Amino acid sequence: MNDVFINAVGSYMPGEPVPNERMADYLGPLDDRQAMISRKALKQNGIRLRHYALDTEGKPTDSNAGMAAKAARAALDRSELSDGDVEMLAAGASAGDVIAPGFASMVHGASGLPAVEIASFNSFCAAGMMALKSVHDGIAGGQRKNGVACASEFASRFLRAGYLAGAETTTDTEFLRWMLSDGAGAVVMENRPNARGQSLKVEFVDLVSYADRMPTCMYGGARKNGHDVPGSDVGLPWSNYPTLSDAIDHGALHLQQDLKLLEQIVPLGMARYLELIEDGRIDPETIDWGLYHFSSDVFRLKMIEHADRIGASINANKIFTNLYEKGNTGSASIFIMLEELFNSGKLKPGQKILCMVPESGRFVFAYMLLTVVDGGAAKPVTNGAATTAEDS
């Protein structure tokens with residue numbers, strides 16, 4: 001297996017940062033019930049700022065594919081590759097701009113890259129890690145020398161008052177209005193480290209679905225209503241309604257999240273974390289930076305508490321997150337965190353970075369372990385003097 005390195009990271013955040021008191025300017029007016037839900041959601045998630053690819057009239061300022069392409073361009077511009085060198089583009093998202101063609105096709109068209117192999121991944125928070133793993137595995141297996149993995153979320157288009165108007169809504173839908181935001185991120189991966197500057201050696205990428213034992217928690221395109229069809233546990237899919245108008249009126253095209261079932265995400269994710277520790281793939285004592293995607297500050301606290309309870313400790317002082325300033329950008333969040341840390345100047349050779357991405361869709365968990373290496377160094381440099389997140 002070939003070594004794989006992340007050599008450049010880029011992100012794209014649309015518009016200006018939006019504080020809590022201005023959210024309704026973009027998403028639409030509130031009634032008393034919505035105002036109550038917003039206060040509860042914002043208190044739990046701790047988010048102070050986020051970005052929307054909308055103007056204050058609710059009109060889009062970007063496409064989802066366009067944001068992913070801008071993030072990919074930002075990463076490529078920081079890399080040692082030219083456009084003609086790129087061998088693969090993998091893209092993930094909760095939803096593209098169109099039903100078809102695939103998201104990667106649309107990102108490729110917006111990116112300016114020449115003809116290239118592509119791969120599209122549709123999921124929720126783990127979609128970006130699925131794209132990254134696809135590129136990683138191709139390089140590790142020797143099928144290609146490099147590739148770009150990206151992810152983007154344009155959640156606000158589904159959360160606008162105008163989009164929700166006139167259809168049945170639930171608390172599960174309305175709660176998400178105050179949880180999700182927009183943004184994109186990308187990484188450039190190669191079979192060699194940078195000639196100059198730092199790189200991140202990928203030690204492993206682990207991704208597991210628990211749909212074999214867990215029902216659907218977050219979804220779009222259906223409505224739990226007792227009218228199940230074979231292979232679905234979320235009711236009648238939007239495409240099987242008598243008419244499209246019927247699906248719209250019933251709220252089948254809204255994003256939904258089962259808030260009670262969501263409580264299972266922490267114990268299930270920490271169980272996988274413990275398995276990786278017991279298998280010798282993670283040593284918590286060696287982790288210098290923890291880039292953990294969590295949708296809400298309350299889950300950060302629950303994660304730390306549960307990890308301690310099962311004997312799989314997480315050092316709270318080594319967690320690096322920009323949730324509170326960048327918002328919950330779903331599948332793009334791990335790239336957006338990594339971009340800020342990678343380009344911060346805080347990383348030291350030999351440091352270990354553990355990335356964790358839980359997805360509530362039907363419960364998917366992704367873990368990735370990285371080692372910081374100097375430019376041109378195929379092996380990590382260790383000197384015992386690395387600065388930890390706690391020291392910084």
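This is a predicted model: local features need pLDDT of at least 70, side-chain atom pairs count only at pLDDT 80 or more; totals for chains, interfaces and linings use all residues.
Student: Let's start with helices. At what angle do α3 and α4 pack?

Tutor: Helix α3, residues 64–77, packs against helix α4, residues 103–111, at an angle of about 60 degrees. Their axes are 8 Å apart.

Student: Which word describes how α3 and α4 lie to each other?

Tutor: Oblique. Angles under 35 degrees count as roughly parallel, and 65 to 115 as roughly perpendicular. At about 60 degrees, α3 and α4 are therefore oblique to each other.

Student: Is the crossing of α3 and α4 left-handed or right-handed?

Tutor: The crossing of α3 and α4 is right-handed.

Student: And which residues in α3 and α4 meet?

Tutor: On the α3 side they are N64, A65, G66, A68, A69 and R73. On the α4 side they are F103, M106, V107, A110 and S111. By class, the residues of this contact of α3 with α4 are seven nonpolar, three polar and one charged.

Student: Staying around α4, where is P101?

Tutor: P101 is in the loop between β4, which covers 88–93, and α4. The peptide bond joining A100 and P101 is cis, with omega about 10 degrees.

Student: Back to helices. How far apart are the axes of α9 and α10?

Tutor: The axes of α9 and α10 are 10 Å apart. Helix α9 is residues 265–278, helix α10 is residues 297–309, and the angle is about 50 degrees. The two helices are therefore oblique to each other, and α9 passes α10 in a right-handed crossing.

Student: What makes the contact there?

Tutor: I265, V266, P267 and M270 of α9 make the contact with F299, K302, M303, H306 and A307 of α10. Seven residues of the contact of α9 with α10 are nonpolar, one is polar and one is charged.

Student: Which residues line the largest cavity?

Tutor: Its lining is Y292, H293, F294, T321, N322, L323, K326, G327, T329, S333, I336 and M337. The elements giving two or more residues to the lining of the largest cavity are α11, residues 323–326, and α12, residues 333–342. The largest share, three residues, comes from α12.

Student: How does that lining of the largest cavity split by class?

Tutor: The lining of the largest cavity has five nonpolar, six polar and one charged residues.

Student: What about the second largest pocket, what volume does it have?

Tutor: The second largest pocket has a volume of about 260 Å³. Of its 14 lining residues, K40, Q44, F175, L259 and E263 are the closest to the centre.

Student: Which helices each supply at least two residues of that pocket's lining?

Tutor: For the second largest pocket, they are α2, residues 32–45, α7, residues 171–176, and α10. The largest share of the lining, four residues, comes from α2. By class, the lining of the second largest pocket has eight nonpolar, three polar and three charged residues.

Student: Last one, on the backbone. What is phi of F363?

Tutor: Phi of F363 is near 70 degrees, a positive value in a residue other than glycine. F363 lies in the loop between β12, residues 352–359, and β13, residues 364–373.

Note on methods: Residues are numbered from 1 along each chain as its sequence is written. Side-chain values use heavy atoms; hydrogens and water are left out. Axes are lines fitted to C-alpha atoms, for helices over the stretch in contact, and angles run from 0 to 180 degrees between N-to-C directions. Angles under 35 degrees count as roughly parallel, over 145 as roughly antiparallel, 65 to 115 as roughly perpendicular and the rest as oblique. A crossing is left-handed if the near helix is turned anticlockwise from the far one by less than a right angle, and right-handed if clockwise. Contact means heavy atoms within 4.5 Å. Ala, Val, Leu, Ile, Met, Phe, Trp, Tyr, Cys and Pro count as nonpolar, Asp, Glu, Lys and Arg as charged, and the others, Gly among them, as polar. On a 1 Å grid over the protein atoms alone, a cavity is a set of points where a 1.4 Å probe fits but cannot get out, and a pocket is an open set with protein on both sides within 12 Å along at least five of seven lines; lining residues have an atom within 4 Å of a point. Grid points are joined across faces, edges and corners, and a volume is the space filled by probe spheres set on the points.
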